[in-house]
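Please refer to the sequence and structure below.

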Amino acid sequence: MYFKMSTKEWQDVLESELWDLDYADMNLFSPLLLSYYDLSPAVKRCFPYCAIFPKDTLIDRDDLIQQWISQGFLDLKKDIAEKEMAALKCFESLAMRSFLQDFENDIEWNAVRCKMHDIVHDFAQFLSRNESSITRIENIQQLYGRRTRHLNLLFPSEANESLPILKSKYLRTLVVSNIAAINSSDQFMHVKCLRTLNLSRCFIKELPQNIDELVHLRYLNLSHNLELKELPNTVGNLCNLQTLRLLHCYSLESLPETVGKLSSLGMIKEFRVPNSNNNEACKLGDLWNLDNLLQLYIRGLGDAEEHVEDAKQAPLKNKKGLLNLTLYFSSSSRKIHEDVLEALEPHPNLESLRIAFFEGFTVSPSWLMSLTTLKRLVMLDCSCEVLPPLGRLPSLETLDILALEKVEKVGSEFLGIQVDDNHLFINSPSSPSSNTLFPKLKKLRFERMDALQQWVSIPRGCKSENRHLSYRIMPCLQSLEFVSCIGLEELPDFLPRTPLQNLIIECSWVLEECCQKGTAKEWPKIFLIPNIQIS
């Protein structure tokens, strides 16, 4: 209401139908009703859906957004990417008005998880009282005869029960946890209008073959089903499916080949690379028809030599809409890992890349410098000995280097500078003559770098190829973190020339000593930084 400036806007509030509510409801929810009235139509549709989550539940932002999209709360004429952007704006609008709170942020300070205050949750239930229900299994009979559209069915945590047969042509959302099985083949015959099916954190070993009865299904979450061994081939008939979440299904070794037919898919978490002798499994080369992919999480890369040929068949370079790519490697040889990574070239439009458990000498495939729109890069638990020339990526804003335990030194190669006969050479994909390294980097984090001892920028005595050229390094850097870098003792000389605002040093004992206020040897490099946190 703070933003209402004109008489007309306040007149609309006065004439709103919210004043027609019962006095009891109005008295309890009046402040929230005024804020709710001011929301856009799309946000008004999205907020009451949050009542499907029990009180004090930690809500994953991306998961909530995918569920909103599956329910058709956003403009149906938009493509998947536009719907995601619109849904993210809805989330931010609710956060700004405190309908959501207790945020957990990622390293970029974006809210990725949140909760709802109990009163706000009561308000969401009030708004959706005729459509949403959180019901314990023993009270299931109370739902019969009602037009419930969104149902969260609660089972005891130690239950060993099967999902009962539900009969409701109105049901659009079904959330269930802790069930042991779906025994009846008739289970999905009576809920054919389901858009959202969440069976995460159950003990399911298999899905019924007739899951393709759910022809309107857009969201399927089977994450944390530790005993789930396979998906039926009929999953490939779910032609409207947009989101497939399979995180931490450790017994699931592959996906059926028919997944390659799901042309509406915008997200796959996780795609399991199959063994070479599994001819009925979906391989990387079967993803050609998935033109709407925005997010792809691949696990099990490189544990067999055959994966190199499979990776060469992967159509990632043709996926113009693919913005977020995660590559998890399995234990194998350095050569296989390097060849697989080289073959998995994504489209230059990629914005976020995460690489884990890679065993190559360095993470530097030939296509890396072509990612001119890459904003975030995460390297996790890799066996690399040298860091790649990331300073030449023109759009990189956030960089996480985590548990690269063989890297002993961060040198000029990290900046993208080559040293030859005491002369410096630089090559940037955006501008070959550019003298700015890490031009947009804002946040940099090193964590669990056990062998790391030095971070030097340009070796002393070296001269630029152009004597009139001076290098600008990290001109946008705002946050720098060192966590569990137990041997690091030297920071780069260029650090005082950055606009660094926040320096965090945790469990990095040598560096902590070297950065003590006053006389410590690294103190002159950091004393101008406004916020310094040393544990």
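How many helices and strands are there in the protein chain? The protein chain contains 11 helices and 26 strands, where helices (H or I, at least four residues) and strands (E, at least two) are DSSP runs. The model is predicted: local features need pLDDT of at least 70, side-chain atom pairs count only at pLDDT 80 or more, and totals for chains, interfaces and linings use all residues. Residues are numbered from 1 along each chain as its sequence is written, and side-chain values use heavy atoms, with hydrogens and water left out.

**Burial and contacts**
- Of the 535 residues in the protein chain, 51% are buried (under 20% relative accessible area, 1.4 Å probe, protein chains only).
- Among contacts (heavy atoms within 4.5 Å) with a separation of 6 or more, 58% join residues 24 or more positions apart.

- Leaving aside residues up to four places away in sequence, Phe414 touches residues including Leu387, Ile401, Phe438, Phe446, Trp455 and Met474.

Key:
Buried < 20%, exposed > 50% of the residue type's maximum accessible area, 1.4 Å probe, protein only.
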